[in-house]
Amino acid sequence: MFSGAPRCVTAVLEGESMINDGTALVVYSAAIEAVLSGSFSWSSAALDFPFSMLGGIGVGLAVAWLISWAFLQRLGSGYHIIVLVLFCAYLTYLSADLLGASGVLAAVAGSIYIGHCAPLDASSTDRITGYSFLEIMVFLLNALVFILLGLQFPGMLAGISCLSMATLALWAGATSIAVIGLRVIWSLAFGQIIFRVLLSLRVQYPKPPWRQSLVIGGPACAAPSPWPRR
């Protein structure tokens with residue numbers, strides 16, 4: 001939640017956090033495969049990475065559109081809508097994975113599409129019930145993830161025991177400053193560049209103030225709600 005933030009800023013931060021996580025998992029999977037195989041080809045990665053990303057997003061949108069058209073817009077309201085939303089996430093993931101694309105990005109794209117279309121036919125009771133259910137599920141999944149990370153922490157500390165705390169703090173600080181700094185610079189520059197290149201945006205949308213670009217560029221993330229806020 002971003003108290004007092006405009007709806008457009010909240011939508012960017014919530015949606016971007018999902019895309020960032022999905023993209024990071026795709027890169028991480030490629031890195032693991034390179035380490036296990038002992039070889040890495042830039043030409044192969046240059047072809048596989050776009051296919052994995054674009055293919056995953058395409059499959060996710062296609063499956064989500066099919067489920068929305070076949071079920072969500074025809075079955076009305078009820079608890080089965082929540083089940084279909086969960087089913088859509090798993091189905092998009094499995095479909096993209098079978099095609100060799102990114103299942104994570106497919107689930108992200110499909111979930112965003114379903115979250116955008118479902119409220120058009122969902123009642124207020126469905127939205128409240130769905131929000132409460134998904135909030136609990138996200139909390140339990142986050143707790144499980146942090147527990148698993150905690151179990152790996154002693155092994156990680158043993159692997160870096162040869163380095164001093166000052167060295168580790170220096171590398172951690174330098175990495176954080178580089179990543180956050182580049183993101184803030186890019187966010188501020190992109191807001192200026194895109195409105196100069198795409199002239200149609202000047203007519204349809206107001207130019208974003210630098211404060212909003214600064215917030216978007218900051219190290220902020222949020223868990224997306226199952227239903228868009230009215």
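The chain holds 8 helices and 0 strands, where helices (H or I, at least four residues) and strands (E, at least two) are DSSP runs numbered from the N terminus. Along the sequence, the pattern reads α-α-α-α-α-α-α-α. The model is predicted, so local features need pLDDT of at least 70 and side-chain atom pairs count only at pLDDT 80 or more, while totals for chains, interfaces and linings use all residues. Residues are numbered from 1 along each chain as its sequence is written, and side-chain values use heavy atoms, with hydrogens and water left out.

Of the 230 residues in the chain, 25% are buried; buried means under 20% relative accessible area, exposed over 50%, and partly exposed in between (1.4 Å probe, protein chains only). Among contacts (heavy atoms within 4.5 Å) with a separation of 6 or more, 79% link residues 24 or more positions apart.

Leaving aside residues up to four places away in sequence, Ser 52 touches Val 26, Ala 101 and Ser 102.

Located in helix α5 (residues 124–159), Leu 151 counts as exposed because its relative accessibility is 62%.
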